[in-house]
Amino acid sequence: MPREQLQVLNALDTAKTQLYHFTAIVIAGMGFFTDAYDLFAISLVTKLLGRIYYHREGALKPGTLPPGVNSSVTAVALVGTLAGQLFFGWLGDKMGRKKVYGMTLAVMVICSLASGLSFGRERRSVMAGLCFFRFWLGFGIGGDYPLSATIMSEYANKKTRGAFIAAVFAMQGFGILASGIVALVVSAAFDHAFSAPSYATNALLSTPVQADYVWRIILMFGAIPAAMTYYWRMKMPETARYTALVAKNAKQAASDMARVLQVDIEAEEQKVETITQDKRNSFGLFSKAFLRRHGLHLLGTTSTWFLLDIAFYSQNLFQKDVFTAIGWIPPAATMNAIGEVFRVARAQTLIALCSTVPGYWFTVAFIDIIGRFAIQLMGFFFMTVFMFALAIPYHHWTLHDNRIGFIIIYSLTFFFANFGPNATTFVVPAEIFPARLRSTCHGISAAAGKAGAIVGAYGFLYASQSSDPKKTDAGYPPGIGIKNSLIVLGVINLLGMLFTFLVPEPNGKSLEELSGENEQDDDVEQTTSNRTVPV
């Protein structure tokens with residue numbers, strides 16, 4: 001039999017949706033707005049960086065970043081994010097969610113501003129400085145994943161918990177959209193003020209000196225929304241579940257939540273002591289008890305997030321290359337440097353507006369109705385179908401009259417990524433693990449995702465190159481081409497469907513019911529053998 005739930009936790013589970021829920025969504029969500037802005041803004045300016053710092057006299061095409069530099073500039077923030085997810089996830093369980101939350105935001109603000117600065121004028125020093133600060137920017141961003149998810153899950157009621165956590169993550173869509181809009185505004189303003197000929201007309205003058213400010217402004221802008229939320233993050237009380245179940249301070253938990261919920265809550269110190277001293281609630285991450293209770297769950301959350309991010313980040317970070325390949329963005333030589341930023345930003349903004357952002361909010365609307373499992377399985381299924389629909393008749397889509405069809409199907413892969421596994425892989429790890437390990441396990445799951453993102457960022461960069469050595473970008477070896485790369489991504493999505501069956505359905509259950517923290521002796525065996533899919 002389950003123990004009687006702590007009054008403070010029961011009050012949270014049964015609370016009606018009210019102002020503090022929306023306040024928490026905005027405070028945590030603005031972190032994700034900044035996260036997405038900073039991670040995806042770099043893809044808007046890499047072509048500009050190539051033109052500015054890697055121009056070659058007499059070349060028929062504008063300068064491009066060498067393979068090693070391009071992959072480093074694009075993926076170094078992902079490496080930092082992976083490290084930050086592991087470190088801050090662990091720290092969030094040791095020091096508390098609130099204490100660590102401010103640290104991650106401070107790192108993000110400082111490094112976002114510093115990303116637009118340089119150690120010198122030479123290209124090596126500029127690229128080294130950019131990579132250095134973007135690594136630490138990623139480190140701060142990494143901490144936001146486990147902490148925001150854990151804080152929102154521990155604040156939410158069980159009826160709409162999925163929607164609240166998904167709403168925090170959905171701010172990522174607005175961040176991606178904002179990065180495109182800022183790039184559009186900045187590039188349009190500079191192009192108007194400093195008109196330049198196309199590269200084919202005059203290679204040197206096609207990149208005005210002022211273009212060096214464009215990429216810096218775009219990257220530094222990401223600090224503004226993060227800085228705006230710092231004060232409010234510091235004002236948030238620690239979550240009751242951490243205070244009661246991990247810090248073992250029943251009085252503080254009751255006091256904090258009584259103030260937030262505006263109701264009287266009994267401290268129940270004896271009940272907290274009983275729960276926290278139970279040996280079944282003291283096993284560690286590397287114990288046999290954890291492996292027995294949550295081993296398959298952790299395998300499910302890590303594997304699905306890893307596979308999802310290979311496809312998701314490949315698509316997002318290299319949209320510009322796909323659009324160029326099918327002719328939606330004109331050849332680089334027909335544009336000037338700032339005009340190219342505008343064209344790339346316009347394409348990515350349209351995709352974000354029409355498919356990425358709606359996908360996130362469809363998840364928010366339906367996650368507590370049809371459940372996490374169904375949304376994740378459906379998302380992987382349609383991503384697989386649409387990837388193969390693009391890849392198998394790829395030549396058909398490259399013909400001029402068929403480009404609109406390609407863009408529509410390509411957009412649908414983004415829609416079902418976000419109305420699918422991109423949202424649910426973030427939500428579920430914040431729900432199914434014990435409070436004392438929740439942030440750590442979410443960090444591990446998220447880090448597995450970023451490992452997939454790194455594979456996607458580095459792998460797609462090389463794999464998508466033409467198999468014809470004469471058609472590859474400067475410095476790149478021949479790859480397998482866009483068509484075969486899309487087939488590989490389709491297979492990866494198919495594997496994601498299979499691993500989804502390891503992930504439990506948390507819909508409508510309390511966090512303690514899911515993690516087994518509130519179980520009596522005769523329920524232990526039942527807890528360890530929970531079904532992983534809905535009945």
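This is a predicted model: local features need pLDDT of at least 70, side-chain atom pairs count only at pLDDT 80 or more; totals for chains, interfaces and linings use all residues.

Visitor: Where is Gln-262 found?
Guide: Look in the loop between α10 and α11 (269–277). Helices here are DSSP runs of H or I with at least four residues, strands are runs of E with at least two, and both are numbered from the N terminus.

Visitor: What is phi like for Gln-262?
Guide: Here's the general idea: most residues other than glycine have a negative phi. Gln-262 has a positive phi, near 60°. Lys-248 also has a positive phi near 60°, and sits in the loop between α9 (240–246) and α10 (250–261). With 52% relative accessibility, Lys-248 counts as exposed.

Visitor: How many helices and strands does the protein chain have?
Guide: There are 22 helices and 0 strands. The chain's radius of gyration is 24 Å, close to the 24 Å the globule rule gives for 535 residues, so it is as compact as a globular protein of that length. That radius is taken over C-alpha atoms, and the rule is 2.2 Å times the number of residues to the power 0.38. Along the principal axes, the C-alpha atoms fill a box of roughly 80 × 45 × 35 Å. Buried residues make up 61% of the 535.

Visitor: How do I read two packed helices?
Guide: They are described by the angle between their axes and the distance between the axes. Axes are lines fitted to C-alpha atoms, for helices over the stretch in contact, and angles run from 0 to 180 degrees between N-to-C directions.

Visitor: Which residues make the contact between α15 and α20?
Guide: Among them are Phe-380, Phe-381 and Met-387 of α15, and Leu-486, Ile-487 and Leu-494 of α20. Contact means heavy atoms within 4.5 Å. The contact residues divide into 14 nonpolar, 4 polar and 1 charged. Ala, Val, Leu, Ile, Met, Phe, Trp, Tyr, Cys and Pro count as nonpolar, Asp, Glu, Lys and Arg as charged, and the others, Gly among them, as polar.

Visitor: What about α4 and α5, at what angle do they pack?
Guide: Helix α4 (residues 97–114) and α5 pack at about 150°, with axes 8 Å apart. That makes α4 roughly antiparallel to α5. Their contact includes Tyr-101 and Met-108 of α4, and Trp-136 and Leu-137 of α5.

Visitor: And at what angle do α2 and α5 cross?
Guide: The axes of helix α2 (residues 19–53) and helix α5 (residues 123–155) cross at roughly 160° and come within 10 Å. That makes α2 roughly antiparallel to α5. Their contact residues divide into 17 nonpolar, 3 polar and 5 charged.

Key. Residues are numbered from 1 along each chain as its sequence is written. Side-chain values use heavy atoms; hydrogens and water are left out. Angles under 35 degrees count as roughly parallel, over 145 as roughly antiparallel, 65 to 115 as roughly perpendicular and the rest as oblique. Buried means under 20% relative accessible area, exposed over 50%, partly exposed in between (1.4 Å probe, protein chains only).
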